[in-house]
Structure formats: C-alpha cells, structure tokens
Amino acid sequence: MRAVRIHDTLTGALRTLEPRDPPRVGVYACGPTVYGRVHVGNARPYVVFSLLKRFLEHEGYAATFVANVTDVNDKIYDAARERGMRSGELAREMTDAYVADTGALGLGRPDHEPKASETIAGITALIEALIDSGHAYEAHGDVYFRVASFDGYGKLSNRPLEEMQQGEGDDSAEVKEAPQDFALWKARKEGEDTWWESPWGDGRPGWHIECSAMAEAILGVDFEIHGGGSDLIFPHHENEIAQTEAARGLPLARVWMHNGMVEMGDEKMAKSLGNIRLLHGAIERFGREAFLMWTVGAHYRKPVAYTEETIEDAGRAVDRVRELIRRLDPDAPTPAELDELVDRFFDHLADDFNTPAARAELFAWVSEANRRADAGERLGPGRLGEMLHAFGLESLLAADPDEAPQEIQRMAAERQEARAARDFERADGLRDELAARGWEIRDTGEGPRLVRT
C-alpha cells in the first residue's frame, strides 16, 4: 500500500492520506444541480473522483464514493417555470438524464448518490443544532448562519471578510444581521411549488446545508476527502466547513480536493455563460474512451481546454493502445522491465493523483512493447490491465480487435456524407486519414465496410 498524498486546498500543501478508520476511506464529491443535462464541465469531477476511488481500491483501501444530486435549488425553480412544468418533475427528469449520461462513461455508479429532497430531516436537525448553539438565527421564516460566530470563517478561500458576498440577492439583505451571513433555510416564496414543513415555517433548505447534511449522514464527520470543482471553494465549501464545524465541533473532512475548470476559449464552461458542450453529445461523437483519455491527460488541479482537436488527439492515443493490444499474445510472458513502468504509473497516481505523468508511463509501456514486438518477441498483456482499469479503459482489453473504434466509424460516416454532397475533396481527405490510421473503406453491395490494413 503506497503512501497517498493529495493537495489540500485548506492548508495549501500536499497531505498524506490518513484514514479515520483504516483501511476505510470516504470520498464525497459535490454533484450537479439538476436543472439541465450535464455538460463536459460537470463530468470532469465525476470522472476524477470515480478514478480516484479505483486507484485507492488498487492500493488496498476500502473506498466509499459519495456523489450527491442537488435537486432542490433556485435554478431548478427558474428552469421549471420557463418550461411550464413542476420543479419536482424537472428535477426527476434531469436526474434520470444525469444518471444515463454519466453511466455512458462506463465507470460504474458512486456507492451512494443522495438527493437533497430525501435528506430534509437531517438538514433540519443540523439547522436546529446551529440555532441552539447560537451559530444561526431565524428571521421572518428564513434561517441564517451567523458568520461572526465562527472564528475560522474564510480559512478555505482566504478572502477578506468584506469580499465574501453570498450572492443570495438583495431581498435578504434587510433581514440579515450581516451581509456575509448565508441562508440555511429559505421561507417559501410565491411561485415555488415544492416546499417542506419546518420549525420555522414552510420552505426549503439552502444549498450549502444540503451537502453538509448529506455527507454527514453517509460518511460521518472528519471523513477523508471532500472534492468538487474549484468554483465551489467559495461560497459553497467555505460555508460547509463553517456550519459543520460550528454544529459538531469537528471538521467535515480532512482533505479538500478541488479540480480545475474545463474551459472553452478563455472562460470556464458553464450553463450561465452559454458556452457548454453536453456530455452525451461528446460521448456520442468521440466515444467514451477518447473522453476518458482526454480527461486523464491533464492534471486534475489544472484548467483544461475542451476543443475538438484535443478530444481527437485523445482518440488517436486510444487507437495506439488498441493497435498494441492486437499484437499481444495472452499466453506469452511479460518482461520485468515493463512491470517497472506499471509501478511508476501508480507511483505518479499516489503523488497528488498525477494522471498525465501516469499516462506517460502507460505510453512508455506501449512504446516498449511495440519495440519488442517489432523485434519478433512474443509479449503478453501482463499488468497492462491494471493501468487501463485505473483510467476506466479496461474495456480495450476485452474489445473485438477488428471492430472499428467509434471515432473511426464517425470519420467513415462523414466520408459518406461528403460523397453524397459531392464534396469529393473532403471525402478523399477522410479516406487518406483513415488509411493513415490503419483502416480502409471498401465499397460493397451492402454498403461501405471498414477493414483493418
């Protein structure tokens, strides 16, 4: 079992993973607010923390991965009104779509996927504990966290107090004790069609208290890793830290692990900016393997650009692995030198989950195996499957080697469309590109057929 180090946003340092109850490790990652279909930016944390669980299990930890669904939120009310449907109906529809879209990644499901709407009892109990201890107060049916009561407020985001505006709208300013106070419970407003009874009147929970309650309900407090996008550091995760520590006297999590944003152009990918690419569309066009290879090509803490070129490059990388697998003999041995590359692969993952460095070791394995195969040596897959499983790509070993990958099939379909449009220059260019990647299109009586060359 390797010592696993992860960059902790709270301390700004690499911290060695120290389980509360070895070998159990709890991982909680903030999931989507389900008012629309998930986009590529939403998918990055899903992939990162799903693969982190796989790595931890490889190292012998008993990892529990929790990814919540925020199905009670202002954005859901607004989107439902625009579509002329009830908010609960929209939330259920988009939750189903989220499960289907992320399911197409082939990574399996998180161990738990709690919904805010199903955690109301735990949420109200946590709010009551905060009121009883003086850390929260009721005002006209709303309940707010009293930021001044918590000395450590701001320690995650390191912002001056005067810059910590919660973004909850001007309608709450006159009832709050301080501008920095944030909502734990919101009184029902006109036009809101989903609400619950509470000691403070009909209403629904604030966003931040939902995650504190869901995480605690499944993992307890002081669990190992709390994750999410870097855009959640403030106010969401800052507020989670404050309300849980104030209520329980213990930290919510030991390590705060944040992934960088997916960018299009110079801005993060976000529905509010209108610059999104939906996950299901990306998978349909490029294939799940290319999408996963693209994701692991960047360090999780860094921003990553989403372009057709970067995804296509990842697809070509997947094809290199496929071509190598065709040359392997399942009954042949694997040299010890290749096992050393596998060990280095996992050493990189243990060092702040450095997937691009690990990916380089995977392709060093591929290159060395190809070199030996070119020299006439019989090679088995050895521990290649361990690396592929860590990246969610184990299906490559089980795939039919003569079946064209999705990207190759897409290029062949585009060639047919170009021919139908009499764009023969485009069609010939696609034919040549397919040939360069080891595929020939043969026109038969049953239509075009892809054949390996």
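This is a predicted model: local features need pLDDT of at least 70, side-chain atom pairs count only at pLDDT 80 or more; totals for chains, interfaces and linings use all residues.
Strands in a sheet pair through backbone hydrogen bonds, in either a parallel or an antiparallel way.

- Strand 11 covers residues 262-264 and runs parallel to strand 13.
- These two strands are joined by 2 bridges.
- Val262 has Val304 of strand 13 as its bridge partner.

**Cis peptide bonds**
- Pro22 and Pro23 are joined by a cis peptide bond, with omega about 0°.
- Pro23 sits in the loop between strand 2 (13-16) and strand 3 (24-29).
- Another cis peptide bond links Phe234 and Pro235, with omega about 5°.
- Pro235 belongs to helix 6, which spans residues 233-248.

- Asp352 is not a glycine, yet its phi is positive, near 60°.
- The residue lies in the loop between helix 10 (336-350) and helix 11 (355-374).
- Is Asp352 buried or exposed? Asp352 is buried, because its relative accessible area is 3%, and buried means under 20%.
- Arg422 is not a glycine either, and its phi is positive at about 60°.
- Arg422 is placed in the loop between helix 14 (406-420) and helix 15 (424-436).
- Arg422 counts as exposed because its relative accessibility is 63%, and exposed means over 50%.

Conventions. Residues are numbered from 1 along each chain as its sequence is written. Side-chain values use heavy atoms; hydrogens and water are left out. Two strands pair if DSSP finds at least two bridges between them. Helices (H or I, at least four residues) and strands (E, at least two) are DSSP runs, numbered from the N terminus. Buried means under 20% relative accessible area, exposed over 50%, partly exposed in between (1.4 Å probe, protein chains only).
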